[in-house]
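These are my notebook entries on a single structure. I set down what I looked up, entry by entry.

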Amino acid sequence: MITSTDNSDRPYKVFTERNIDSIEQFRQLPEAMQFDIKVVASVMPFRVNEYVINELIDWNNIPADPIFRLMFPQKEMLKAADFNFMAELHRAAESRDTIKKAAKEIQLGMNPHPAGQQVMNSPMLEGEPVEGMQHKYRETALYFPSQGQTCHSYCTFCFRWAQFIGDSELKMASTDAATMHAYLKAHTEITDLLFTGGDPLVMKTKILKAYLEPLLEPEFDHIRHIRIGSKTLTFWPYRFTQDDDAEELMALFKKIADSGKHLAFMAHFDHYAELKTDVCKEAIKRIRATGANIRAQAPLTRHINDDASVWVKNWKTQLSLGIIPYYFFVARDTGAKHYFEIPLARAYSIYQEAITQMSGLGRTVRGPSMSAGPGKVEITGVAEVNGEKVFVLRFLQGRNPDWCYKPFFAQYDEAATWLDDLKPAFGEEKFFYEDEYKTMCQARGL
Ligand SMILES: *Cc1c(COP(=O)(O)O)cnc(C)c1O
Ligand code: SF4
């Protein structure tokens, strides 16, 4: 359990499935809704803190409020049969054990590790897999510190949920900083370290320091950019303002930025409502004052932000606070995908409608992008070529860097929601990368 954010002025109160009834606002909801939420929360990870409850959710707008939907699992997130089965167990007041066992069965059916993440991306060092590391794209290594495998609150759509449900077999975690350092030292092609989670900023500053400070030594000169992926600006902005080690955290950021490396804070804002509080704005100011840049990315999710006007307001708010819009993702093929997913055609039209309302400063955001097995694939547009309606696609990142930024074409399909649903256009049998990707998978025993 995390305790990193305790601070004397402001006790950190967090609610999970076990004490959901102590949320005052929750108890005011209609009883049937309370029951449904509890049933789903026994399958999907649920965690929300009092800042989100009191400052971000508009309790006069339930169930439509986007932050409510981001935090509180909804009945429709489970398949009807699964929901009914779990609901029966709850009605019969079955033991926690029985409920847990049934929940686990359902979880396993929800594609906890999409896009072959675990096997395909685990790098090796001296014949041993490097725990907690993913190295999929040449320049950038992802690292998941074991102490950062949780978040201040849990998003209902999150594809990282497999690591929150206490399944140690599936857990992608690291044991210590030394292996991370050894791997980075041995791979001078890596320019970017993406330090992620969960949310690494649930960690105390002194633990973060043990990972990041050594990277300022000369043997890590090739690491030019340190990115920290975090949703803490949304869930616990006090982390940067008044937690007991907030000052130390800001000093660490400043030290990294002063060293001449680019410190990129990769924030995640699904909705402009996350940026509305004074403490969030203050936190953004403080982070920027260290010399770090803040970039923002988020997935497009039905029920939360599937409207161009929400994105325009989200990106405009970010820009005015000095944040650089970065990625616009297609929701991943995992978890409650059927609840959140949006057809690619619609994702593209929302993106196009939104981005054309931005000035050039806001057009840094790329997408809609799918993080699929072979790479990050962008829907560049919809076009008609010789009478055939097609999606124009390209890789923004690829397992083979040569795949990137070359347009390729798929048959237009209004219902397709993921790369797997698409078929090559112009009567071709396969996409240009498919044979090579298959060979890569086979080399990994997949
Ligand atoms: C998105 C992603 C990255 C970072 O890609 P950028 O385009 O450089 O932001 C790195 N590794 C993995 C596995 C990713 O999914
Ligand atoms: S903060 Fe990020 S990792 Fe954590 S639950 Fe939300 S999307 Fe997932």
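This is a predicted model: local features need pLDDT of at least 70, side-chain atom pairs count only at pLDDT 80 or more; totals for chains, interfaces and linings use all residues.

**Entry 1: backbone.** I looked up Ala 93 and found it in the loop between α5 (80-91) and α6 (96-108). Ala 93 has a positive phi of about 50°, although this residue is not a glycine. I recorded this because most residues other than glycine have a negative phi, and most peptide bonds are trans.

I then turned to the peptide bonds. The bond from Ile 62 to Pro 63 is cis, and its omega is near 5°. I place Pro 63 in the loop that lies between α3 (50-56) and α4 (66-71). A cis bond also runs from Gly 197 to Gly 198, with omega near 20°. Gly 198 sits in the loop between β7 (192-195) and α9 (205-212).

**Entry 2: overall fold.** I read 16 helices and 15 strands for the protein chain. The C-alpha trace of the chain spans about 60 × 55 × 50 Å along its principal axes. I checked the radius of gyration as well: the protein chain has 22 Å, which agrees with a compact globule, because one with 446 residues would have a value near 22 Å.

**Entry 3: ligand 1.** Which residues are around ligand 1? I listed Gln 134, Lys 136, Tyr 137, Thr 140, Leu 142, Arg 227, Tyr 326, Tyr 327, Lys 376 and Gln 397. By class, I find 4 nonpolar, 3 polar and 3 charged residues in this shell.

I next asked which elements supply the shell. At least two residues each come from β5 (133-137), β6 (140-143) and β11 (324-330). The largest share is that of β5, with 3 residues.

For the polar contacts, I noted distances to oxygen atoms of ligand 1. A side-chain N or O atom of Tyr 327 is 2.6 Å from an oxygen atom of the ligand. For Arg 227, a polar side-chain atom lies 2.7 Å from a ligand 1 oxygen atom. The side chain of Gln 397 has an N or O atom 2.9 Å from an oxygen atom of ligand 1. On its own, ligand 1 has 380 Å² of accessible area, and I record that the protein covers 87% of this.

**Entry 4: ligand 2.** How many residues surround ligand 2? I count 10, and the closest are Cys 151, Cys 155, Cys 158, Lys 231 and His 268. In this shell I class 6 residues as nonpolar, 2 as polar and 2 as charged.

**Entry 5: cavities.** The largest cavity holds about 40 Å³ of space. Its lining consists of Leu 300, Val 330, Ala 331, Glu 341, Ile 342, Ala 347 and Thr 417. I class 5 of these lining residues as nonpolar, 1 as polar and 1 as charged.

Terms used: Residues are numbered from 1 along each chain as its sequence is written. Chains are lettered from A and ligands numbered from 1 in the order in which they are written. Side-chain values use heavy atoms; hydrogens and water are left out. A residue is near a molecule or strand if one of its heavy atoms lies within 4 Å of it. Ala, Val, Leu, Ile, Met, Phe, Trp, Tyr, Cys and Pro count as nonpolar, Asp, Glu, Lys and Arg as charged, and the others, Gly among them, as polar. A polar contact is a pair of N or O atoms within 3.5 Å; within protein, one must be able to donate a hydrogen and the other to accept it, and residues adjacent in sequence count only if both atoms are side-chain atoms. Accessible areas come from the Shrake-Rupley method with a 1.4 Å probe; for residues, only the protein chains shown count as cover. Helices (H or I, at least four residues) and strands (E, at least two) are DSSP runs, numbered from the N terminus. On a 1 Å grid over the protein atoms alone, a cavity is a set of points where a 1.4 Å probe fits but cannot get out, and a pocket is an open set with protein on both sides within 12 Å along at least five of seven lines; lining residues have an atom within 4 Å of a point. Grid points are joined across faces, edges and corners, and a volume is the space filled by probe spheres set on the points. The radius of gyration is taken over C-alpha atoms; the globule rule is 2.2 Å times the number of residues to the power 0.38.
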